[in-house]
Amino acid sequence: MARPRNIKSSFIKTPSPFFTFLPVSPFTSLLNKFPPLRIHMPYSSSRPRSYLFVISFSFSSLCLGAFGAQNHEPVVLSRSATMPLPAHPVSGNATAEEAEFWAQPDGEGYRPCLDFTIQYRKASAKISKEKQKFLVVVVLGGLNQQRKQIVDAVVIARILEAALIVPVLAVDQIWKDESEFSEIFDVDHFKRTLQADVRVVSSLPSTHLGSKPTINTQMPDNVSPLWIRTKFLKELNRGGVLILGGIYSKLTKKLPLDLQKHRCKVAFHALRFVSPIQELGNKFARRLWIKGPYIALHLRLEKDVWVRSGCLTGLGPEHDDIIRKIRETQPKLLNDRLNMTNTQRRLAGLCPLNTLQVARLIKALGAPRTAQVYRAGGEPFGGAQALQGLVEEFPNIVTEEMLAREGELLPYINRSSAMAALDYIVSLSSDVFLPSHGGNMGSAIQGHRAYVGHRKFVKPNHREMVRLFEDTSISEAEFRSIVKKMYRRYQGQPEKRTTKRSSRDVIAYLVPECMCRHGIRSLQRS
C-alpha cells in the first residue's frame, strides 16, 4: 500500500509549465468527470482550472523527438522480467520445523509461456503501427492499484486496435502523490516491450489536439472485449481520441487466451521500475539477504483500511471511535455489504488480521523467533500499540527506513508511490511473503513470485483463521497442527485459475494461460 502524503491539494501532475500556454481543448471537460481531482497551479490561483488539462496531452511527443533519441531495440522477454534474489538454501542448523517453514514450494515444472497465436501476431503488424486512433487512460489509487489499471489500459488499447498514450497517474484524496508515470516506471522499456503488441506514445500528435474526444469515466463491472468494441469503437474511429477513467477492476477476468497472456506480458515484463528506485530496492533486499532468510509481511492496518473494511480495530474504544466518525462523515468510503455488523464481517473473513494474529499464524507455520521480518506497507493506525503483538513474538523487525543509509531516501520523501515500489522490490526477494488482508499488492506479489519460480507465498484464509483464533477449547499444539495441515497446499504452489473460480485474476493465478509445463521455449520467441 502506498503511503499517504501531507499536501494541501491533489492534482494531475503536469509535464512542464511550458505547456500551460497551449489553448483550451475539449480535453478540459474530463476534469469535471473526476470530482476528487484538482489541477494544482502554484503560480496563479486566478486562471480557470479548465485551461490546464490539455497540458497532459500536448506537443510533448514532438519535444521528446527534439531533445533525445529513443532506443527502439526490441526487448527479449526471457531476460526482461524483474527477478528477485535467490531463495536461501535451508540451513543445516535449522530444526525440522524451521526447515519446513523456509523450504520453497514445488513449482511442478511450470514455466512462463507467452506464445501468442498466429492470428494474434498477424493482427499485431497493423495494430502496432496505429496512428489514427488514440486511447488516453487516467488511473487512480495507490501504486499497485495503478499497476492493475495500467495492465488493463494496455489490453483495452489492444482490443480497440488503438495507440496508447502513456497512462496518466492521477492523484486522489487518499494517496496524494504527484509522481508521473516516468518517475516510477521505465517509459522507454515499457514502450519497447510492448512495441510488437500496441503502439505506446508519450502524448497526442498535433493532428489530434483539436479533435473532440469521447470521454467515459464509468463502466459496468465485468465488461468483455465485445462490450468495449461496441461501446467505443464507432466514436473512436470518428473522433480519433478516447479518454477513459474509472477502469479499475472493470475488465472481465474471462478474456481470450492471447489477451490473458498479454496481461502477463505487461505486468511482469513491461512494467519495470525506473533504475534509481529498482537499484535502491535491490540494495535494501541485499542488506537483509546477506544476513539470512527473511519474511516480508504486508500489514494492511492503515487508517483507511479500517475505515473501508467496516471492522473494529481491536485497539480499544478510543481508536474505534475515530474510525466510526470518519465512516459517518464519509460513508462512501465503506466497502460493500453495508448491512453487515462488525461481528458478521469478522466471522465472514472480511476484516484484516491484526499483528497478534499474524504473529500467531507464522509462528504456527514454524517461523523461528529470530527470523528477520520486513514490514511493508504504511504506518499502522495506532502506531506502536498496533504492532505490539508482532514485536513481542518477532523482535527482529525492519522497515525500508531502517534499512536505508543516510540520504538514500531523501529523493523519495513524500513520494508514496516510490516508497511502495521499494516495498514491492524487497518483498519480491523475501523467502516468505504474507499479506495480512489481500489487496492489490498481495495479488501482484503472488503472481510475480509465481512467475519467477514459485516463491513461498502464504495467503491467509481469514474465515477459517478467525474461527481458530476464537476457539479457546484447542491447545496451542493443536492450533499449530491444524494450521500446518490447512496451509500445506497453499504456500505458493501452482494453482489453476479456472479450478475453483473463473473470476480469479490471471495476474495472481497464472496457470494455465501464462505458465505451462513445456519450458520457456515459447517465451523466448514472443
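Predicted model: local features only at pLDDT ≥ 70, side-chain atom pairs only at ≥ 80, totals over all residues.
Colleague: How many helices and strands does the protein chain have, and what makes a stretch a helix or a strand?

Modeller: The chain has 20 helices and 13 strands. Both are DSSP runs numbered from the N terminus: helices are H or I with at least four residues, and strands are E with at least two. Strand 5, for instance, covers residues 200–201.

Colleague: Why is Val 200 called buried?

Modeller: Buried means under 20% relative accessible area, exposed means over 50%, and partly exposed lies in between, with a 1.4 Å probe and protein chains only. Val 200 has a relative accessible area of 9%, so Val 200 is buried. Of the 526 residues of the protein chain, 56% count as buried.

Colleague: Which residues does Val 200 touch, and what makes something a contact?

Modeller: Contact means heavy atoms within 4.5 Å. Leaving aside residues up to four places away in sequence, Val 200 touches Leu 164, Val 166, Phe 190, Lys 191 and Leu 194. For the protein chain, among contacts between residues at least 6 apart in sequence, 82% join residues at least 24 apart.

Colleague: Let's turn to strand 7. How do you know that strand 2 and strand 7 pair?

Modeller: Two strands pair if DSSP finds at least two bridges between them. Strand 2 (residues 134–139) and strand 7 are joined by 4 bridges and run parallel, with Phe 134 opposite Val 241.

Colleague: What makes the link from strand 6 to strand 7 right-handed?

Modeller: The chain passes from strand 6 through helix 7 (residues 225–239) to strand 7 in a right-handed β-α-β crossover. That name applies if, with the strands pointing away from the viewer, the path from the first strand over the helix to the second runs clockwise.

Colleague: Which way do the residues of strand 7 point?

Modeller: In strand 7 (residues 241–244), Val 241 and Ile 243 point one way, Leu 242 and Leu 244 point the other way, and all are buried. Ile 243 has 0% relative accessibility, so Ile 243 counts as buried. Val 136, in strand 2, has 1% relative accessibility and therefore counts as buried. Val 136 and Ile 243 are 107 residues apart in sequence and 4.6 Å apart in space, C-alpha to C-alpha.

Colleague: What is the strand order in the open sheet of 5 strands?

Modeller: The order is 10-9-8-11-12, with parallel pairing. Strand 10 (397–398) and strand 12 (456–457) stand at the edges, each with a single partner strand, so one side of each has no neighbour in the sheet. Strand 11 (residues 432–435) is joined to strand 12 by 2 bridges, and Val 432 stands opposite Lys 456. Strand 8 pairs with strand 11 over 4 bridges in the parallel sense, Leu 297 being the bridge partner of Leu 434. Strand 11, helix 17 (residues 439–451) and strand 12 make a right-handed β-α-β unit.

Colleague: Why are helix 13 and helix 14 called roughly parallel?

Modeller: Axes are lines fitted to C-alpha atoms, for helices over the stretch in contact, and angles run from 0 to 180 degrees between N-to-C directions. Angles under 35 degrees count as roughly parallel, over 145 as roughly antiparallel, 65 to 115 as roughly perpendicular and the rest as oblique. The axes of helix 13 (residues 355–364) and helix 14 (residues 384–393) cross at roughly 25 degrees and come within 6 Å. Helix 13 and helix 14 are therefore roughly parallel to each other.

Colleague: Which residues of helix 13 meet helix 14?

Modeller: Thr 355, Leu 356, Ala 359 and Lys 363 in helix 13 do, and their counterparts in helix 14 include Leu 387 and Glu 393.

Key. Residues numbered from 1 in each chain as written. Heavy atoms only, no water.
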